[in-house]
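The exercises below concern a single protein chain in a predicted model. Each task is followed by a solution worked in steps.

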Amino acid sequence: MTAEKSFESALSELERIVQSLEAGDLPLEKSLALFEQGVRLSRECQRRLDDAERKVEILLKGENGVLKAAPFAEVEE
């Protein structure tokens with residue numbers, strides 16, 4: 001992912017790659033290239049999920065550093 005894609009677009013692209021690979025009708029070289037691209041997208045999506053999780057944990061930590069449960073309120077933009 002050279003240009004920064006949104007999480008949703010990266011995930012959609014990853015889903016398309018998986019469908020293409022599961023079809024099984026691609027030449028080996030094309031399959032390998034798609035697999036490599038899929039691995040990169042998967043890692044990027046996982047990194048973004050990890051970052052989001054860390055941000056949520058920071059926001060939910062109490063004064064004593066212990067996580068506390070809080071209801072999720074959607075932010076209006």
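**Exercise 1. Salt bridges**

How many salt bridges does the count come to?

*Solution.* 

Step 1. The criterion is a side-chain nitrogen of Lys or Arg within 4 Å of a carboxyl oxygen of Asp or Glu. By this rule there are five salt bridges.

Step 2. One of them links the side chains of E13 and K5, with an N to O distance of 2.0 Å. The two partners fall into separate accessibility classes, for which the cut-offs are needed: buried means under 20% relative accessible area, exposed over 50%, and partly exposed in between. E13 has a relative accessible area of 13% and is therefore buried. K5, with a value of 28%, is partly exposed.

Step 3. A salt bridge also joins R48 and E44 through their side chains, at 2.9 Å from N to O. Both residues belong to helix α2 (residues 28-60), where they are four residues apart, so about one helical turn separates them. R48 is buried, with 18% relative accessibility, and E44 is buried as well, with 16%.

Step 4. D51 forms a salt bridge with R47, and the closest N and O atoms of this pair are 2.9 Å apart. D51 is partly exposed at 25% relative accessibility. R47 is likewise partly exposed, at 37%. The spacing in helix α2 is four residues, so D51 and R47 lie about one helical turn from each other.

**Exercise 2. Helix α2**

What span does α2 reach from its first C-alpha to its last, and which of its residues are buried?

*Solution.* 

Step 1. The helix α2 has 33 residues. Its span from first to last C-alpha is 47 Å, close to the 48 Å expected at 1.5 Å a residue.

Step 2. The buried residues of α2 are S31, L34, G38, L41, E44, C45 and R48. Their cover includes α1.

**Exercise 3. The surroundings of E13**

Where does E13 lie, and with which residues is E13 in contact beyond its neighbours within four places in sequence?

*Solution.* 

Step 1. E13 is located in helix α1.

Step 2. With neighbours within four places in sequence set aside, the contacts of E13 are K5, Q37 and L41. K5 is the partner of E13 in a salt bridge, whereas Q37 and E13 are joined by a side-chain polar contact of 2.4 Å. L41 is one of the residues of the largest nonpolar core.

**Exercise 4. The chain as a whole**

What percentage of the residues in the protein chain is buried, and what is the accessible surface of the protein chain?

*Solution.* 

Step 1. Of the 77 residues in the protein chain, 16% are buried.

Step 2. The accessible surface of the protein chain is about 6600 Å². Carbon and sulfur atoms account for 55% of this surface.

Step 3. Contacts along the sequence complete the description. Considering contacts in the protein chain between residues at least 6 apart in sequence, 53% join residues at least 24 apart.

Key: Residues are numbered from 1 along each chain as its sequence is written. This is a predicted model: local features need pLDDT of at least 70, side-chain atom pairs count only at pLDDT 80 or more; totals for chains, interfaces and linings use all residues. Side-chain values use heavy atoms; hydrogens and water are left out. Buried means under 20% relative accessible area, exposed over 50%, partly exposed in between (1.4 Å probe, protein chains only). Helices (H or I, at least four residues) and strands (E, at least two) are DSSP runs, numbered from the N terminus. A nonpolar core is a set of buried Ala, Val, Leu, Ile, Met, Phe, Trp, Tyr and Cys residues joined through side-chain atoms within 4.5 Å. Contact means heavy atoms within 4.5 Å. Accessible areas come from the Shrake-Rupley method with a 1.4 Å probe; for residues, only the protein chains shown count as cover. The expected span of a helix is 1.5 Å times one less than its number of residues. A polar contact is a pair of N or O atoms within 3.5 Å; within protein, one must be able to donate a hydrogen and the other to accept it, and residues adjacent in sequence count only if both atoms are side-chain atoms.
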